[in-house]
Amino acid sequence: MTETTKPGPLSGIRVLEFTHMIMGPSCAMVLADLGADVVKVEPGPDGDNTRRLMGAAIGFFPSFNRNKRSLSLDLKQPESLDLVRKLAAQADVVVENFRPGAMDKLGLGYEALSALNPKLVYCSCKGFLPGPYEHRAALDEVVQMMGGLAYMTGPPGQPLRAGASVNDIMGGLFGVIGILAALREREVTGRGTHVQSGLFETNMVMMAQHMAGAAITGRNPPPFADPAMQKPWSVYDVFDSADAGEQVFVGVVTETQWRGFCEAFGLQELLADPSLATQSKRVADRSRYLPRVAAVFRSLPKAELMARCEALGVPFAPIARPADLFEDPHLRASGGLLDTELTSAQGAPGGTPAQPAAGLPGLPISLDGRRMGIRRQPPRSGEHSADIAREAGLSEAEIAAMVTSGTLWAADLPLAAE
């Protein structure tokens, strides 16, 4: 599934978004995917600077801004702020992730907008929740380093950030959870509230298991990239196949799986060894039998190795690269890839994406068997400005005056192109 015209469960919810990068945009995108009308307020005339990022950040904008409308404004001008206040008075939700205090300086903070609209749910996606660190600048990498995730990911002495913006995206999701809870509470109280989601605190949710392990054992757990780390299962490793450069992860995690695994791969001698009769014994002696397992796997083509694991019900995975995922048969068949235009990624080499569109992952949920699709492609800056201004009650003359003065950029007006 790539396109949808069906209303989502949040149809009728109006969201005003002031965000950039990933945490805030991902929060608002989830709301949009679920059917909310999300208006992304961008600085005119060029729009969110995330559009122009390069290198590892080149895909940020098209990945996290589908199903939104774009309103392009100069927020330094009183007319723009008046328009935003009119929209906020009609909105259900505001999402913002600017530096602490930035929205207050514009007169668009929680206190100011909730005074206009007491039912407003206002979500601030920040680096830190209130406390000693709240005024620090934060990035996903910063909180991974200070929150222990980089330590747990890299080899000993070489902290390494995870290969995706895990805290930004999860922090956006926690923002959504807070917003949905606040909307439900509003049904009871009649009032909105200020929701805050913290990047650092998001990281700590992922560290809970390791903190508990440190408390239980009295020592820091070894990093996952430490070859000496004791794996908790009999087989839980990446192996070479007979195909050059092709690897497969295999996990054998139960006694039933161990028996079936040994029989299917001709490892009966391991099954008959009394010193390997239990999971705890095998975990303590992995170095003795894993070379034998690895040798068997190296004799098998990748496809055959995976087919045997699938037949056994043993967890396995090919080691995929990002470009491989466009052709993943499950993602393609299940509606998990949404045909997304990539022209909003203006930092592409030569100014033009290698592909004009690609299947990017949708929300990992289904509702009554239905996946959430695309109603709108990632917008051009100001693509919907005039329509949004009309909805706020501005007349055609007022809209034209704002365009002429350079306060509003409306790609949906012929005047904007003159």
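## Salt-bridge network

In this predicted model, where local features need pLDDT of at least 70, side-chain atom pairs count only at pLDDT 80 or more, and totals for chains, interfaces and linings use all residues, Glu-17, Lys-40, Asp-48 and Lys-68 are linked in a network of salt bridges. A salt bridge here is a side-chain nitrogen of Lys or Arg within 4 Å of a carboxyl oxygen of Asp or Glu, and the structure holds 26 of them. Residues are numbered from 1 along each chain as its sequence is written, and side-chain values use heavy atoms, with hydrogens and water left out.

## Individual salt bridges

Arg-186 and Asp-92 form a salt bridge with an N to O distance of 3.1 Å. This pair joins distant parts of the chain, 94 residues apart, with Arg-186 in helix H8 (residues 166-189) and Asp-92 in the loop between helix H3 (78-90) and strand S4 (93-96); helices (H or I, at least four residues) and strands (E, at least two) are DSSP runs, numbered from the N terminus. Both Arg-186 and Asp-92 are buried, where buried means under 20% relative accessible area, exposed over 50%, and partly exposed in between (1.4 Å probe, protein chains only).

Arg-390 and Asp-387 lie three residues apart in helix H16 (residues 385-391), about one turn of the helix, and the closest N and O atoms of their salt bridge are 2.7 Å apart.

## Cysteines

The structure has zero disulfides, a disulfide being a pair of cysteine sulfur atoms within 2.5 Å. Cys-123 is in no disulfide, and the nearest cysteine sulfur, that of Cys-125, is 4.0 Å away. Cys-123 counts as buried at 0% relative accessibility, and Cys-125 counts as buried at 2%.
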